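Thank you all for coming.

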Amino acid sequence: MDTYVTGPVIRKLREAQHMTQAELAEKIGVSSKTVSKWETAKGLPDISLLQQLAQALGISVIELMNGQHITNQNISANMLRCKFYVCPICGNVIHCTGSTLISCCGITLPPLEAEEADDDHAISIENVEDEHFITVHHPMTKQHFISFIAFVTSDRLQIVKFYPEGNPQTRLQLRGMGYLCYYCNRHGLFRKKI
Ligand SMILES: [Fe+2]
């Protein structure tokens, strides 16, 4: 856990809900003096209260902990605007269709920014029957490897996971306009427009 709810966040969210300290206190079964202490940094809510506190403030626990209220702007759910998150500790790959806060292994993950493929992360695509044979020209050692490749179009996501000492090759149907995105554990996310 790298962040915890703070007094200013509680105050801001309470005021946004037009609640007094006493009203918030009543909702979560504490005294108004306790809420006042939290808001003035003279104490912190016990972890067992976070779920109720978040509910009373109309926010999720993870948003409460990070002090940010997430409004999802991607209403059309255009997959091309989707985001990938990768945990640097366990390698977990997470894909989201809109804005969110993601925590894994106790840390908050930033959405990955893709850069255009470079010479050290080159990709080749060959037509094979009605599919495409894709190769990422990159080492696959335990220390430096490609962990996944994904083909993203406006309405579809195909993702293939790779592992160290394997081959960063796969067959995919590249239908429609989109991006091939692939992730190097050392150099980050790359993409190539298709
Ligand atoms: Fe790399």
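Predicted model: local features only at pLDDT ≥ 70, side-chain atom pairs only at ≥ 80, totals over all residues.

In which strand does T170 lie? T170 lies in strand β10, residues 169-172, where strands (E, at least two residues) and helices (H or I, at least four residues) are DSSP runs numbered from the N terminus. Residues are numbered from 1 along each chain as its sequence is written, and side-chain values use heavy atoms, with hydrogens and water left out.

T170 is buried, with a relative accessible area of 11%; here buried means under 20% relative accessible area, exposed over 50%, and partly exposed in between, with a 1.4 Å probe and protein chains only. Leaving aside residues up to four places away in sequence, T170 touches H132, F133, I134, I149, V160 and F162, contact being heavy atoms within 4.5 Å.

Let me turn to the metal. The protein donors of the iron ion are H121 (NE2), H138 (NE2), H144 (NE2), C184 (SG) and H187 (ND1), at 2.1 to 2.4 Å from it; donors are N, O and S atoms within 2.8 Å of the metal (3.2 Å for Na, K and Ca), and since water is not among the atoms, sites may look incomplete. H121 sits in the loop between β5 (115-116) and β6 (122-128), and H187 in the loop between β11 (178-184) and β12 (188-193), so this pair ties together parts that are 66 residues apart in sequence. H121 counts as buried at 1% relative accessibility, whereas H187 is partly exposed, with a relative accessible area of 41%.

Now to the helices. In α2 (residues 21-28), the buried residues are L24, A25 and I28. Because they cover an arc of only 100° around the axis, they are on the same side of α2, the arc being that of the directions from the helix axis to the C-beta atoms. On the other side of α2, E26 and K27 are exposed.

L24 is also one of the residues that touch the most other members of the largest nonpolar core, which has 19 residues; such a core is a set of buried Ala, Val, Leu, Ile, Met, Phe, Trp, Tyr and Cys residues joined through side-chain atoms within 4.5 Å. To this core α4 gives the most, with four residues. A second, separate core of 16 residues includes I123, M140, I146 and F162.
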